[in-house]
Each structure stands twice: as C-alpha cells, then as structure tokens.
Amino acid sequence: MTTTGEHTINITLKVWRQKGPQDKGRFETIPVQNVETHESFLEMLDQVNEKLTHEGKDPIAFDNDCREGICGMCGCVVDGIAHGPQKAMTLCQLHMRKFNDGDVIAIEPWRARAFKVIKDLMVDRSPLDKIIQAGGYVSVNTGSPQDANALPVPMEVAEKAMDAAACIGCGACVAACPNASAMLFVSAKVSQLALLPQGQPEAAQRAIAMVNTMDDLLFGNCSNHRVCEAVCPKEISIVNIARLNREFMKAGFASEAV
Amino acid sequence: MQLDGKTPSGPLQNKWDKYRFETKLVNPANKRKYSIIVVGTGLAGASASASLAELGYDVKAFCIQDSPRRAHSIAAQGGINAAKNYPNDGDSIWRLFYDTVKGGDFRAREANVYRLAQVSNNIIDQCVAQGVPFAREYGGMLANRSFGGAQVSRTFYARGQTGQQLLLGAYGALSRQIGAGKVQMFTRRELVDIVIVQDKARGIIVRNLITGEMERYAADAVVLATGGYGTVFYLSTNADSCNVGAAFKAYKKGALFANPCFTQIHPTCIPHTSDYQAKLTLMSESLRNDGRVWVPKDPTDSRRPNQIPEEDRSYFLEEKYPSFGNLVPRDVASRNAKEQCDAGRGVGPTGYAVYLDFADAIKRDGQDVIRRKYGNLFDMYQNITDDNPYETPMMIYPASHYTMGGLWVDYELQTTIPGLFSLGESNFSDHGANRLGASALMQGLADGYFVIPYTIGPYLATNGVSEVTADHQAFHDAAQKATEQDQKLLAINGNQTVREIHVKLGKIMVENVGMARNAAGLKQAIEEIKSLREEFWQDVKVPGTASDYNLSLQKAGRLADFLEFAEVMALDALERDESCGCHLREEHQTEENEAKRDDDNYCHVAAWEYDGYGNTPKFHKEPLVFENVELTQRSYK
Ligand SMILES: Cc1cc2nc3c(=O)[nH]c(=O)nc-3n(C[C@H](O)[C@H](O)[C@H](O)COP(=O)(O)OP(=O)(O)OC[C@H]3O[C@@H](n4cnc5c(N)ncnc54)[C@H](O)[C@@H]3O)c2cc1C
Ligand code: SF4
Ligand code: FES
C-alpha cells in the first residue's frame, strides 16, 4: 500500500562497493527513483537492494539489526558525516525527509585503521569488543552479590552513570576522529563504572587495561578534536574523556606507589 | 510419547531447593573437561555463557550479529519485574507467581513459574552488582514502577533502555570470561543445524556469515538461547535478524515445539504506512498510563483529530472496561483496536490505526511533566512519523512483539532431545498463553544466571564426557546437507525476492493467525502457506554465491524455515479449539468478546513432533495440573 498525497523524491547514490578486505573498492553511482520521504535511510537502501536483486546484481552489504537506534549495528558515513546529517541520530533513524529531490548522496563505510572493511559498507568492529574484554566490567560472579538496596547510589550519580552507559558501541566516534581514536567509547564505559560504587575497586586497573588495549589495537590517540562528540548518536559527552584521564592519572600514581 | 515435565514433588515453595539438593553435582575439578555450546548472546545466552564459564565449564558462544552486545534483548524498553517488594505495597514471590500464571491464562506450568518468581530477586542483586544503572529515588534506593496494569510496583528500569542496560551487564560478564579465555566467542555465525549422535545433541553446524563456510562444532551439551519468532508476521517490533531457524532445526531433529500459536501482539506500535517499511517500532506500554485511546464515532469523519469534539469520539477502552480503562492487558487492548479498525473507524492513511491522545494529560500535568516522563518516546515518534505528539494525538496500531510458544522444555529446561537445552524466549516455559510486561527480561536472566547452571549439571554428570568430535560423520553429513540447501536456493533464480515472499507470508499470518482466529480462516491459511512454500521453492531469486557474505541467502534460509513453521503455528491454533490469553478463537468468546477458556478440554501444553517434510506433525499433550491456584476467568471490566 502506498500512502496517498505523500512525497517522493529521486536521488543519486554514490555508494562505496568493495568485494572484500583485499579488494581496492570504488564508488558506484546508482540513481534511485521514487523514494518515499518517510522511508528511513536504511529502508531506502532496502529499496535499492530489491531492485539490484531483481536485476541479478549483488545487493549493497550494510550492517543493521534493531532499526530503532539501540543495537549499534548500523552506521555509515553519509556525505562525510558518520551516521549522516541529523544530530544525535543513528543511521537507521535518519529519514529521507531530510533529503531533497535531486540530491546526490555519498555513502561510505567507517574508515579507521582498527576497523577493516569486510564488504561494501560493513566493517569489522570486533576491536571494540576486545577493549571491553580487557576490563569493561565489574568482576562479580553469578550468585555472589548482596541485596541490591544494600548499596545506595545517589540519584544524580545513577543518572550520570546512565548517561555514560547509553553508548551503543557503534564506532561512529572512531570513524569521525581524525586520529581514529576510540577514546569516547572507552571513556563512556570507564566513566559509567567509575561513577558507581560497584565499579570503584577496579577503577584504576580498568582504565589502564582498556586504554592499553585500545593502543594495542591500532586506535589512535585523543587530541581533543571533539568530532566524536558531535557525531555520537547517543550524545556521549567528552566530559567522560576528562574523567577517563583522571582515572588514568590516578591509576598511574597508584601503580607507581606500589 | 509421554511428556514428563520432571516437576519435583513436594510443596511448591520447596521444589527448587529439593531439586538442587537431590540432583547429582559435577565434581568441580571435572567441570573444565565438559564443553558446552551456547547459541545466542541475548539476556538468556549471555548470562548462561558467563555463569557456566565461571563455574569452570569450557564454553563456546555463538551469535548472528558482529558483537554479542547487539542481541535483540538490547531493544527492550520498559523494565524488568522482581518480587523485591521494596515499595512495601504488598508484593511477594507468591503474588508475582500468581500474577504470572493468571496473566498467562493458566496455560503454564506452576512449578516453573514459581521458580521464576523465586529467583527474580537474585537477578536484581546481580545486575546492580554489575553496575547496571537502574533508576533511583532521591535517597539512593532503587526506584520501582507499576507496569502493564500490575497492581503493585515491581518493575525496575533504566530509563527507557532497560534491556540495553541489562544486556550490557550480561555482556560485561561474558566479556570478562572471554578475556579470561574461558569462553570462545564466535560472532557472525548462524546455526543451520544441530547434530545428534546416538540420540543426544552433540554439536552444531553454523554458517560463517562472512566466508559462507559451514563450520562444525562439537560439545557435550548444546544450549539454544536464540530468541523468538515474531518476524513470522514479517513486520514486527523485532530486530531484522530474529528468526525461528535454530529452534526449528531442533524441531526437525526431534525436539517438540510447544504452543507455537501463542504469540503476543503489542497494542502500542507505530502503524504500517509505507511499502518499504521494515519494522513496526514499539512505543512503550507505559504511554497508556497517561494517553487515552480513541477513534471517531463516525467512520466517515475526516476532520483532523483536534477538530473532533468530545461527543464525536469513542474512547472505546474506557467505555468497555470502566475499571481498567486504557490499562487493560495487551491482548485486550490490541483486539479492541483491531475491532474498531475492522468496523471502519480506524484512522490514518490506511485506516489501520487508533489515536493515543495526551491532550488531557498535558492539560492536567503540564507539558513539562509529560516531557519528563515520555520525552524520549515522543521524540522518537516525531522523528519517525514527522508528527508532534504534544500537539496532535499519536497514531498506534498493534504489532507482533513476543512469542510465548517455543521449544518444549522440562523443569531442567531440557528439550526432548537429551543434551539439548533451551532458554529465554526460545523456550515455551513460563508465560502460558500471554506474557505480562517486564517478565521476558526476568525470564531470560533467570534461565541464564540461575537455572541452567544448576540444571545442566545432572545431564553432564550422568552422561560423562563425550568422545564425539566434529570429525564424526554426522557432522560432515549435516554440513553437506546445509550446503546442498544453499545450492538449491541459489539455483532457483526465479522472479521474486525473499522479501516479497516474506511480505506475502506476513499477510497470511496477520489476517488468519493474528489477533483473532477462526477455524475457516486457519484452514485457509494452512492451504495458503503450503502453496506459498511451493511458490518460494520455484520462484525465489537469490543472487550471489555461497562463498561470501550473502544476506539474501541467509534470509532465504530463514524464510524457508518460516514457511514450514507457519503451518505448525496455524495447525496449533486450529487444534486449540478454545480461547485463552492472546489466542482468541472467534468461536469461543463471551458476550463481551472476551476469551473463553475451555479448561475441561484444553488445560494442557500442545507439543508438536516433526514427522517429515510436508507431513502433518504429530500432536502430544502435556496436561497442566494446578495444585496451588484456582483457575478463574480473567475479567478487566
Ligand atoms: C521492542 C521490544 C521491547 C521489549 N521490551 C521488553 C520489556 O520492557 N520488558 C521485558 O521483560 N521484555 C521486553 N521485550 C521482550 C524481550 O526483550 C525479549 O523477549 C528477550 O530480550 C529475549 O531474550 P533472549 O535472550 O531469549 O533472546 P534475544 O535477545 O532475541 O537473543 C537471541 C540471540 O540468539 C542469536 N541467534 C538467533 N538465531 C540464531 C541462529 N540461528 N544462529 C546463531 N545465533 C542465533 C542472536 O544473534 C542473539 O544473540 C521487548 C521486546 C521487544 C521486541
Ligand atoms: S561513544 Fe557514541 S559514537 Fe562512540 S561508540 Fe558509543 S554511541 Fe557510538
Ligand atoms: S540498526 Fe540498531 S542502531 Fe541502527
């Protein structure tokens, strides 16, 4: 069913096609007709893929899953901006009404030394998981905890921790950073746990382990460009990076003292 | 086949203790010799993998997404129930148990549900210790709210992102075990078969989604935590990759599938509007606390909603259910919305939507209060629909959301295949014919953190370490079969895309196996599904090859399963000639269109046994015995 009286636009995609990690890759130009403006960006790509499939061509590979801005699986650079032109929005939540008839739209994968392109717009973000594996948790075994209310947490603290915990691990911050640093991502997790009493015993060790792992995995350093914050769909603040630096310094002193 | 739920004897309150005391333990020094495969890293799978690894087992975990953190559990918004009774408002383990059994319309096993309520409190303790930032009161204590019409406030939440925060907690625990080398994590893998050797589950075949390769993994036991099958309706609130594949492969290998027709349709979702729409986004149930549901009285009324005066509106839920009003359970709200739309009173471009209006709440509490409560949801709604819900009512319509049916499991969460276990939404265990809000997260984590670590032990201790490796012929045969299916799909080269055929299946299911069902419609659906299946195998078009990332091929495989599974769903709905919970058979309703149960004939679990491609599966019954609660008729008048 098509809605009556609704807008449609015609656009041209310049989309990155790359068969695999070894392939050099190139932009392909694809004209797309009759895009309904209340389609989401990914629905527009679905529409393109349906057409390519009918033509017996290889559809454009892109990652996505929840399509409601929470799983962190989607993400491409659209017209030079990670997750596209709309602030605080994942790509799956961007809608075509933000574009105009006749627009030429460039779509590229996340580009960062630590993220290899798998195919077309898909990249390998497993280094982000490895950073978490290095210490992005509280070491507590199942079954051991005390009653949940035995440990009061002031409301403001819980709220701040929640702000940091909202990171969806999409990697846009890395893609946007001129140094391809994962600092915003790391700082979000370090902050969440350092703010809460549960996370404090391991706070120092956690910050060191995560930052070191980030370095080992070929992410760059943070030199305060703040582009990460600008593209983050969850508005994770760079205040978290300052907090991470504090934890890291404390950790440095602590380890020197030993 | 005699279905034995293995419910321990004795008083309800003591069953779980008794079970834990009487079962055989695995010697701690031996645990590392046992390998366990866990498929899925949602709440159920991630919590299970982490807990089993902590105990010392050698765990291999698998998921479809590029990271275990992205399982569909991440999308849950509203909250998680527990019987903590922190607000001192009369909650207890017994009340949570009772509400869950009653909410499920008395179609779940008492003992399983009681255990769920018992361990619910441990879940909250565990999550808080992990650093899950639950909402707090000013004094620093945990905040609770009432959810889904419950009369006590037992729901814990983290803004509108409870599922995300709980999953990230479990993902943290899992990551810790991966980092420690206790869990091997395999991402971007899709289960395509389960390998049975001498009647026991001994491993799995997965497709490596990047290389296309069929990989073989052996273990001493296999745990499926692969989520629900709501996407059988095509459009749903579920994520794109949700599928029935893993559970269905288990079914084809001999595991019984229980109550497949019990599916939940959520009343408050953003309606279907465009051809390429990929999902129906959920608007949290909490909105019904302040929003009023209405439609114009006159089907031909084409005025803008704000121009329709009070006297020309029908607040149909408030009118029909004066005491619960807009807060009636999900199935009741959904069915009534559909009824209004079927009668031509629906609104919006398709006529399949009703208004959810906040004007009165805004007038009463002010925009700020409403913004504080629902700001995120209102923004999300506006972003998707381009309508401002502060100024004009939202439009909502029911959508497929959750599936109560699933693999039949006993008290140990073991399927009818020895060594094959099923957790979370993929089993049928605790919600009967209808799940209450905020109880799925509870069940997933209960199964993973607190049940399976105990109940898998006896199986392993009794059966010992297996000699079977992934080089066993059964693994090669299964991998070969999966490869052949791929080749077959690629060779059809027909005219319809996978999506086009899935849309057709969705239509059949929504129309005949959705919110209201009747014998004629179900019989028709079965015929239509059969012919659509034929059509699929003759006319689907899957481009590309099998030795590469090929989403069309993945999706074709999932749809092939749905096209068989949908028939079992319809068959189950036909066989259950009563109404209960979410399953409304139009032949069986009260004068007020409420579900009319038939406890004399249908107080059982329906479990289906595969009997070969295209054949009608065999039907089995597990009678449900209620020793602790009295079966009453639900009434929300
Ligand atoms: C929008 C939305 C909101 C919700 N809100 C709430 C709420 O507020 N409260 C509540 O209690 N419940 C809620 N629910 C329900 C709840 O989120 C789910 O029932 C629950 O999270 C399911 O968890 P799970 O671990 O069983 O499965 P999932 O989280 O679905 O995880 C399935 C896992 O299995 C993997 N998998 C699946 N198939 C395969 C395969 N073939 N091969 C390999 N891996 C596979 C996936 O990769 C994934 O890791 C909501 C559901 C939706 C859709
Ligand atoms: S910090 Fe923001 S941009 Fe970076 S991974 Fe998290 S959500 Fe994505
Ligand atoms: S698809 Fe999940 S965040 Fe976009």
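**View 1. Just after helix H2 of chain A, residue A:Gly135 adopts a positive phi of about 160°.** The model shown is predicted: local features need pLDDT of at least 70 and side-chain atom pairs count only at pLDDT 80 or more, while totals for chains, interfaces and linings use all residues. Residues are numbered from 1 along each chain as its sequence is written, chains are lettered from A and ligands numbered from 1 in the order in which they are written, and side-chain values use heavy atoms, with hydrogens and water left out. Helices (DSSP runs of H or I, at least four residues) and strands (runs of E, at least two) are numbered from the N terminus.

**View 2. Helix H2 of chain A and its surroundings.** Seven of the eight residues of this helix (residues 126–133) are buried, so the rest of the structure largely encloses H2. Buried denotes under 20% relative accessible area, exposed over 50%, and partly exposed the range in between (1.4 Å probe, protein chains only). The buried set consists of A:Ser126, A:Pro127, A:Leu128, A:Asp129, A:Ile131, A:Ile132 and A:Gln133. These residues pack against strand S7 (122–124), helix H4 (172–176), helix H5 (183–195) and helix H6 (203–216) of chain A, together with helix H5 (162–179) of chain B. A contact requires heavy atoms within 4.5 Å.

**View 3. A:Leu217, in the loop between H6 and helix H7 (227–231) of chain A.** With 22% relative accessibility, A:Leu217 counts as partly exposed. Neighbours within four places in sequence aside, A:Leu217 is in contact with A:Ala114, A:Pro127, A:Lys130 and A:Ile131. A:Leu217 and A:Leu128 are 89 residues apart along the chain, and their C-alpha atoms are separated by 9.0 Å.

**View 4. A:Gln93, in the loop between strand S4 (81–82) and strand S5 (104–108) of chain A.** The relative accessibility of A:Gln93 is 6%, and the residue therefore counts as buried. Apart from neighbours within four places in sequence, the contacts of A:Gln93 in chain A are A:Arg67, A:Glu68, A:Gly69 and A:Gln86. Its contacts in chain B are B:Met380, B:Asn383 and B:Ile384.

**View 5. A:Ser191, in helix H5 of chain A.** A:Ser191 is buried, its relative accessible area being 0%. Not counting residues up to four places away in sequence, A:Ser191 touches A:Ala164, A:Asn240 and A:Arg243. A:Ala180 is eleven residues from A:Ser191 in sequence, and the two C-alpha atoms lie 20 Å apart in space.

**View 6. The nonpolar cores.** In soluble globular proteins, nonpolar side chains tend to be buried together. A nonpolar core is a set of buried Ala, Val, Leu, Ile, Met, Phe, Trp, Tyr and Cys residues joined through side-chain atoms within 4.5 Å. The largest core has 125 residues, and those with the most contacts inside it are A:Val186, B:Ile80, B:Phe134 and B:Ile456. Helix H11 (residues 440–463) of chain B gives the most to this core, with twelve residues. A second, separate core of 106 residues includes B:Ile308, B:Ala337, B:Ala361 and B:Leu571. Residues touched by B:Phe134, leaving out those up to four places away in sequence, include A:Ala158, B:Ile80, B:Phe156, B:Tyr157 and B:Leu166.

**View 7. Chain A in overview.** Chain A contains eight helices and seven strands, and its C-alpha trace spans about 65 × 40 × 35 Å along the principal axes. Of its 258 residues, 59% are buried. Its accessible surface comes to about 10500 Å², with 52% belonging to carbon and sulfur atoms; such areas come from the Shrake-Rupley method with a 1.4 Å probe, and for residues only the protein chains shown count as cover.

**View 8. Chain B in overview.** Chain B has 16 helices and 19 strands. Its radius of gyration is 24 Å, close to the 26 Å that the globule rule gives for 637 residues, so chain B is as compact as a globular protein of that length. This radius is taken over C-alpha atoms, and the globule rule is 2.2 Å times the number of residues to the power 0.38. The C-alpha atoms fill a box of roughly 75 × 60 × 50 Å along the principal axes, and buried residues make up 66% of the 637 residues. Among contacts in chain B with a separation of 6 or more, 73% are between residues 24 or more positions apart.
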